[in-house]
Amino acid sequence: MSSIPLAAQPAPASAPPALWKIYSRILVPMMLTNVLQSAGGTLDSIYLGQMIGVDAIAAASAFFPVFFLLLALAMGLSTGATVLIGQAWGAGDRAAVRKVAGSALALAVCVGVAVCVAGGLWAPALMHALGTPPDIAPEAARYARLMLMGAPLLLVLWLATSLSRGVGDAVTPLWALALATVVALALTPAFIRGWGGLPRLGVCSAALSTLLGSAVALVWMLHRWLRKGHPLAPDAALLREVRLDPVLLRKLIGLGLPTGLQMLSMALGEIVLIGLVNRHGMAATAAYGAVTQLMGWLQMPAMSLGITATILASHAIGAGRGGRLGAIMRVGLGWNLALTGTFVAAAYVLAPFALRCFLTDPAVIALALQLLHIVAWAMLMRGASMVLSGVMRASGTVWWPTAMGVSAIFVVELPLAYLLNARLGLTGIWWAYCAAFTASLGMQAGFYAFVWRRRAVQRLI
């Protein structure tokens with residue numbers, strides 16, 4: 001390991017133009033991937049809403065906080081693996097790349113099996129604890145059980161795409177997840193209607209089609225890696241490293257645990273908030289699901305920019321070019337204004353039409369539109385915050401960004417949600433989201449400017 005104070009490293013006066021292009025090589029394929037996945041999720045909701053009804057959307061939406069828990073596990077694993085594999089790749093150390101990939105995959109399988117067993121046993125109890133309305137609780141529990149039992153597959157696929165991006169290949173994940181989306185979209189209506197003798201699965205149609213599509217994508221990606229001689233190809237050299245290496249395991253957990261805890265805190269916050277939403281009835285739950293679908297689109301550039309910033313910063317640190325971190329941060333913030341800003345503007349224009357695609361009740365559509373208008377602009381705050389934290393995490397600074405993110409939820413968002421829900425009703429919950437995103441950005445920016453920039457850049461592998 002080596003460390004050089006940032007203040008002692010030459011920093012470019014302005015970001016080199018090439019850095020915008022380097023960003024685009026990872027960011028654009030990742031964005032296209034996320035667009036395809038969000039389109040798939042939105043179309044699944046359209047299938048459920050139009051082919052079954054609002055209660056099907058509500059049942060699937062009730063699972064969202066639980067899905068967020070699963071995503072928290074995946075993000076924790078992916079963050080640690082991305083930082084380590086990015087630094088190894090930046091240093092040109094292929095042996096270290098394989099060691100990181102092997103340990104990360106072994107950990108993903110272990111965690112996935114644990115989630116699978118727990119989900120199979122306790123999915124109904126979990127949905128009951130979330131306060132799921134009784135008229136949709138049975139379907140929501142079946143949907144949750146199926147998704148949780150598929151956790152090993154989902155975690156390995158998500159991790160594999162992150163590892164691929166960590167070595168600079170964002171194109172293979174794009175094609176793999178595009179394949180998953182196409183397969184899922186073809187199968188969902190087939191399972192809903194029972195085409196070709198298939199079983200009619202109701203709301204579970206979307207869950208099963210997602211798992212089958214993920215399986216096809218993972219097999220295709222591994223085959224492509226082998227055929228192309230990819231650094232992550234599952235050949236004998238990599239398979240020998242698929243084990244829980246104690247040293248790497250400590251580093252993976254040390255880097256990933258804070259991110260996982262932050263995502264977990266977001267999931268717990270969502271669980272609390274959906275409990276508040278559910279008190280307003282099924283229409284509010286359906287509107288929550290609709291807004292969640294559109295917010296997924298708005299979060300795409302923010303999350304993609306944060307991940308891209310981490311990858312590029314990790315490459316720079318591994319290559320001993322810590323002086324480039326400031327430029328990586330500035331270009332990321334510029335991309336956020338341009339890209340996230342475009343998505344937010346489009347949301348305000350297109351939301352009235354988009355909501356009608358998967359909601360049929362005019363009252364629910366009006367409610368969802370009102371809630372989206374309150375919160376959409378705050379995605380700019382979230383995107384900037386994720387760029388800042390992404391650069392800092394690449395250097396191993398993970399606990400402070402996590403502490404600030406968690407504080408934004410438990411000190412700002414949840415207390416305000418209860419207070420404003422009591423005073424303003426359902427809309428107060430969405431104003432609490434805005435306050436949390438803004439508070440998180442303020443804390444991250446302050447820490448970056450006054451603390452992190454004075455610290456040393458450290459290679460971790």
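User: Is Cys434 buried or exposed in this model?
Analyst: This is a predicted model, where local features need pLDDT of at least 70, side-chain atom pairs count only at pLDDT 80 or more, and totals for chains, interfaces and linings use all residues. Residues are numbered from 1 along each chain as its sequence is written, and side-chain values use heavy atoms, with hydrogens and water left out. The cut-offs go like this: buried is under 20% relative accessible area, exposed is over 50%, and partly exposed is in between (1.4 Å probe, protein chains only). Cys434 comes in at 3% relative accessibility, so it counts as buried.

User: How many disulfides are there, then?
Analyst: A disulfide here is a pair of cysteine sulfur atoms within 2.5 Å. Take Cys110, which is partly exposed at 43% relative accessible area: the closest cysteine sulfur, in Cys116, is 13 Å away from its own, so that's too far for a bond. Searching the whole structure gives a disulfide count of 0.

User: Which residues does Trp377 touch, beyond those up to four places away in sequence?
Analyst: Trp377 sits in the loop between helix H13 (362-375) and H14; helices are DSSP runs of H or I with at least four residues, numbered from the N terminus. At 34% relative accessibility, Trp377 counts as partly exposed. Contact means heavy atoms within 4.5 Å, and by that rule Trp377 touches Val344, Tyr348, Cys434 and Thr438.

User: Where does H15 kink?
Analyst: The bend at a residue is the angle between axes fitted to the seven residues ending there and the seven starting there. In H15 the kink is about 30° and comes shortly before the proline Pro415. Its place is Glu413.

User: What is the angle between the planes of Trp20 and Trp335?
Analyst: Rings of Phe, Tyr and Trp (its six-membered ring) pair if their centres lie within 6.5 Å; planes under 30 degrees apart are stacked, over 60 edge-to-face, and the rest tilted. The structure holds 7 aromatic pairs, and Trp20 with Trp335 is a tilted one, 5.8 Å centre to centre. It links helix H1 (residues 17-51) to helix H12 (residues 325-358), across 315 residues of chain. The angle between the planes is 35°.

User: Which residues touch the most other members of the largest nonpolar core?
Analyst: A nonpolar core is a set of buried Ala, Val, Leu, Ile, Met, Phe, Trp, Tyr and Cys residues joined through side-chain atoms within 4.5 Å. The largest one has 115 residues, with H11 giving the most, 19 residues. The members with the most contacts to other members are Tyr23, Leu325 and Trp430.

User: What is the relative accessibility of Thr285?
Analyst: Thr285 is in helix H11 (residues 282-318). Leaving out residues up to four places away in sequence, Thr285 touches Ala58, Ser61, Pro133, Val277 and Asn278. Thr285 counts as buried, and its relative accessibility is 0%.

Terms used:
Helix = DSSP H or I, 4+ residues; strand = E, 2+ residues; numbered from the N terminus.
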